[in-house]
Amino acid sequence: MKKFPVVLDIESKFTFRDFSDHKKLGVSVAVIYDYKLDKATAFLENELNLLFPILENASYIIGYNIVGFDIPVLGAYYAGNVESLSTFDLLESIREQIGRRIGLNDVISATLGKKKTGHGLMAIDMYREGRIEELKDYCLHDVLYTKELFDYGVRHGEVFFEDQSGKKSIKINWKKYLEHGGKDEMPLTLPF
């Protein structure tokens with residue numbers, strides 16, 4: 001059976017100013033775009049058990065800073081080894097090419113001519129204030145921008161950023177993450 005990637009973004013309940021351990025940050029909302037279903041879905045913290053089977057069956061979990069943030073935060077909720085999931089981090093790919101990290105907003109602005117609807121600290125405020133639908137919408141936009149950036153990179157073999165001297169190209173090879181099936185075997189979560 002052919003596997004398909006999913007694009008993931010999560011928002012946390014707390015910041016690193018509150019806790020230095022990823023597993024203590026908590027998940028307020030997780031949103032995925034599923035290439036197999038051509039659909040985005042949001043999961044609240046109490047629904048994460050529905051998310052994990054989707055992640056386990058994905059060829060790759062694609063995101064922006066997912067290796068450094070999203071996946072470790074999800075580790076607090078996952079029964080298995082979260083590091084065994086097949087991931088592809090756009091931020092790490094870009095860092096490997098240019099030697100430094102660049103924010104998602106900077107890359108989507110230079111590549112797609114779009115801007116994020118907010119930032120992570122605003123998402124924490126939305127959660128704390130009970131503005132859950134607004135929080136889901138914010139996270140959904142991040143997932144769709146990340147998907148659009150990934151798709152652009154697959155089609156064109158490059159993405160862009162700007163610095164003081166102007167717009168710069170970052171040559172990338174992301175096509176394999178859309179076409180390759182990921183890890184052959186994946187230990188599945190326990191059915192509870």
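Analyst: Happy to! The buried residues of helix H2 are Ile66, Phe69, Asp70, Ile71, Val73 and Leu74, where buried means under 20% relative accessible area, exposed over 50% and partly exposed in between, with a 1.4 Å probe and protein chains only. They lie on the same side of H2, because the arc they cover around the axis is only 165°; that arc is taken from the directions from the helix axis to the C-beta atoms.

A word on the basis: this is a predicted model, in which local features need pLDDT of at least 70 and side-chain atom pairs count only at pLDDT 80 or more, while totals for chains, interfaces and linings use all residues. Residues are numbered from 1 along each chain as its sequence is written, and side-chain values use heavy atoms, with hydrogens and water left out.

What covers the buried residues of H2? The cover includes strand S1 (6-12), S2, helix H1 (48-56), S4 and strand S5 (87-89), with contact meaning heavy atoms within 4.5 Å. Helices (H or I, at least four residues) and strands (E, at least two) are DSSP runs, numbered from the N terminus.

Asn65 lies in the loop between strand S4 (61-63) and helix H2 (66-74). Its phi is positive, about 70°, although Asn65 is not a glycine. Asn65 counts as buried, at 18% relative accessibility.

Asp38 sits in the loop between strand S2 (27-34) and strand S3 (39-44), and S2 is among the elements covering the buried residues of H2. Is Asp38 buried or exposed? Asp38 is exposed, with a relative accessible area of 58%.

The protein has seven helices and seven strands, and along the sequence they follow the pattern β-β-β-α-β-α-β-α-α-α-α-β-β-α. Of its 192 residues, 47% count as buried. Among the contacts with a separation of 6 or more, 65% come from residues 24 or more positions apart.
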